[in-house]
Amino acid sequence: MMANTIPGWRDSLPPILVAEDDPFSRDLLEEAAKEAHLPIPLHVVRDGAEVVDYMKRCVDPTCRTSSPAPGSILMELSLPRVNGMEVLGFLRGRPEFHDIPVLILGVSNDSAEACYRAGATAFLVKPVRFTGLVSAIRLAEAHWCRYVHQRNAVTTTALRGQERS
């Protein structure tokens, strides 16, 4: 709980990247994050092209502070410009993004199997009730926690190995 007392502590955490094209649904997801008492910042984009652009900036050394790599991605399958399957293909085709959890929201289970084959971490039917959105945010948070913990453990182990050399 000590981190809560440090000014700006939340801003230093990797965000959950949320891709949602509908403004009303974006607002609901942000409200669901508040309801879930999400301690992790959300970075919200409007379409698949913005996801791809954001992720490319994550690996650009000149942009890392303005676009930190997300700890998880929650995105709608039917995004404009670049759809969710294309974004998933882009992410899973790049080694630096391969392990980032990607949770897909679809309108039905019809696409679930294809999403899992393409590398989705989870597939959720887009909730029609607010409580379902809160659950989706909590699931994204759980995957975020596991990914960030694993990434930090690997970094710490690598640093310890360098200290011994």
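**View 1. Asp-47 and Arg-81 meet in a salt bridge.** At 6% relative accessibility, Asp-47 is buried. Buried means under 20% relative accessible area, exposed over 50%, and partly exposed in between (1.4 Å probe, protein chains only). Accessible areas come from the Shrake-Rupley method with a 1.4 Å probe; for residues, only the protein chains shown count as cover. Arg-81 is exposed, at 63% relative accessible area. The closest N and O atoms of Arg-81 and Asp-47 are 3.1 Å apart. Arg-81 sits in the loop between strand E3 (72-76) and helix H3 (84-92), and Asp-47 in the loop between strand E2 (42-45) and helix H2 (48-58), so the pair ties together parts that are 34 residues apart in sequence. A salt bridge here is a side-chain nitrogen of Lys or Arg within 4 Å of a carboxyl oxygen of Asp or Glu.

This is a predicted model: local features need pLDDT of at least 70, side-chain atom pairs count only at pLDDT 80 or more, and totals for chains, interfaces and linings use all residues. Residues are numbered from 1 along each chain as its sequence is written, and side-chain values use heavy atoms, with hydrogens and water left out.

**View 2. The whole chain has five helices and five strands.** Along the sequence, the pattern is β-α-β-α-β-α-β-α-β-α. Helices (H or I, at least four residues) and strands (E, at least two) are DSSP runs, numbered from the N terminus. The chain has 165 residues, and buried residues make up 40% of them. A search of the whole structure finds seven salt bridges.

**View 3. Glu-20 and Lys-126 form a salt bridge.** The N to O distance is 2.9 Å. This pair links distant parts of the chain, 106 residues apart. Glu-20 is in the loop between strand E1 (16-19) and H1, while Lys-126 is in the loop between strand E5 (122-125) and helix H5 (130-164). Glu-20 is buried, at 1% relative accessibility. Lys-126 is partly exposed, at 21%. Salt bridges with shared partners join Glu-20, Glu-76 and Lys-126 into one network.

**View 4. Leu-77 lies in the loop between E3 and H3.** Leu-77 is buried, with a relative accessible area of 14%. Leu-77 and Glu-20 are 57 residues apart in sequence. In space, their C-alpha atoms are 9.1 Å apart.

**View 5. Lys-34 and Glu-31 pair within helix H1.** Their side chains meet in a salt bridge of 3.5 Å, N to O. The two are separated by about one helical turn because they are three residues apart in the helix. Lys-34 is exposed, at 57% relative accessible area. Glu-31 is partly exposed, at 41%.

**View 6. Asp-21, Asp-22, Asp-27 and Glu-30 form a negative surface patch.** Glu-30 belongs to helix H1 (residues 23-35). Glu-30 is partly exposed, at 34% relative accessibility. Patches are made of residues with over 30% relative accessible area and no salt bridge: like charges are joined within 9 Å, nonpolar side chains (Val, Leu, Ile, Met, Phe, Trp, Tyr) within 5 Å. Lys and Arg count as positive and Asp and Glu as negative; His and the chain ends are not counted. The place of a charge is NZ of Lys, CZ of Arg, CG of Asp or CD of Glu.

**View 7. Cys-58 and Cys-115 are buried.** Relative accessibility is 6% for Cys-58. For Cys-115, the value is 0%. The structure has zero disulfides, a disulfide being a pair of cysteine sulfur atoms within 2.5 Å.
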